[in-house]
Amino acid sequence: MTEATRPPVPPFTRESAIEKVRLAEDAWNTRDPRKVSLAYTPDSRWRNRTEFATGRNEIVALLTRKWSTELDYRLIKELWAHDGNRIAVRFAYEHRDDSGNWYRSYGNENWEFDEHGLMHTRHASINTLPIPESERAYHWPLGRRPDDHPGLSDLGF
């Protein structure tokens with residue numbers, strides 16, 4: 001293993017794919033673009049909604065823009081499928097804008113990893129809808145989702 005290795009590495013078992021998904025969720029819940037970018041290859045390619053990014057610098061820029069407007073961001077990811085060096089996830093996150101309006105975004109991601117466990121391809125399809133604050137389902141303090149907090153399936157998402 002090298003310094004750039006990010007376990008677990010492919011080929012993924014069900015258990016290691018679930019672990020990889022949770023590690024990704026935890027990283028994204030830090031809302032730290034530089035930290036998140038380190039899970040991707042230096043030349044990683046993304047499709048995120050209608051934006052395309054290549055490389056860590058563009059990923060950092062995309063995430064910096066994202067989290068400057070998506071305030072109080074909280075995310076849950078769940079394994080959908082895995083095979084070899086690929087993982088498919090579904091996710092939902094909640095955030096508010098600077099006017100206090102709340103939103104929930106639902107989506108799917110397809111990931112492909114190199115032999116060191118770094119993601120080199122990420123395709124994300126995301127739909128966002130406004131929700132009343134009373135319908136929020138993610139109430140943990142900002143940061144990592146507590147282990148005892150319900151997941152997507154438990155919440156009926």
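Predicted model: local features only at pLDDT ≥ 70, side-chain atom pairs only at ≥ 80, totals over all residues.
A residue counts as buried when its relative accessible area is under 20%.

Start with the fold. The protein chain holds four helices and six strands. From the N terminus, the order is α-α-β-β-α-β-β-β-β-α. The C-alpha atoms fill a box of roughly 45 × 30 × 25 Å along the principal axes. A compact globule of 157 residues would have a radius of gyration near 15 Å, and the protein chain agrees, with 15 Å. Buried residues account for 48% of the 157. Of the contacts between residues at least 6 apart in sequence, 56% join residues at least 24 apart.

Next, the surface and the charges. The accessible surface is about 8,200 Å², and carbon and sulfur atoms hold 51% of it. The chain carries 23 positive and 25 negative charges, whose mean positions lie 2 Å apart.

Side chains of opposite charge can pair when their charged atoms come close. The count here comes to 15 salt bridges. One of them links glutamate 25 to arginine 22, with the closest N and O atoms 3.9 Å apart. Both residues sit in helix H1, three residues apart, about one turn of the helix. Glutamate 25 and arginine 22 are both buried.

Another salt bridge spans two strands. Arginine 90 meets glutamate 78 at 3.1 Å, N to O. Arginine 90 belongs to strand S4 (residues 86-96) and glutamate 78 to strand S3 (residues 71-83), so the pair ties together parts 12 residues apart in sequence. Arginine 90 and glutamate 78 are buried too.

Strand S4 also pairs with strand S5. Glutamate 112 and arginine 86 form a salt bridge of 3.2 Å, N to O. Glutamate 112 lies in strand S5 (residues 102-113) and arginine 86 in strand S4, so this pair joins parts 26 residues apart in sequence. Arginine 86 counts as partly exposed because its relative accessibility is 49%. Elsewhere, salt bridges with shared partners join Arg22, Glu25, Asp26, Arg144, Arg145 and Asp147 into one network.

Now look at two single residues. Histidine 149 lies in the loop between strand S6 (119-131) and helix H4 (152-155). Is histidine 149 buried or exposed? At 15% relative accessibility, histidine 149 counts as buried. Beyond its sequence neighbours, histidine 149 touches Ile76, Ala137, Tyr138, His139, Trp140 and Leu155.

Valine 9 sits in the segment before helix H1 (14-28). Its relative accessible area is 23%, so valine 9 is partly exposed. From valine 9 to alanine 61, 52 residues apart in sequence, the C-alpha distance is 26 Å.

Technical notes:
Residues numbered from 1 in each chain as written. Heavy atoms only, no water. Rg over C-alpha atoms; globule rule 2.2 N^0.38 Å. Buried < 20%, exposed > 50% of the residue type's maximum accessible area, 1.4 Å probe, protein only. Contact = heavy atoms within 4.5 Å. Areas by Shrake-Rupley, 256 points an atom, 1.4 Å probe, with all protein chains shown as cover. Lys, Arg positive; Asp, Glu negative; His and termini not counted. Charge placed at Lys NZ, Arg CZ, Asp CG, Glu CD. Salt bridge = Lys/Arg side-chain N within 4 Å of Asp/Glu carboxyl O. Lists of a residue's contacts leave out its neighbours within four places in sequence.
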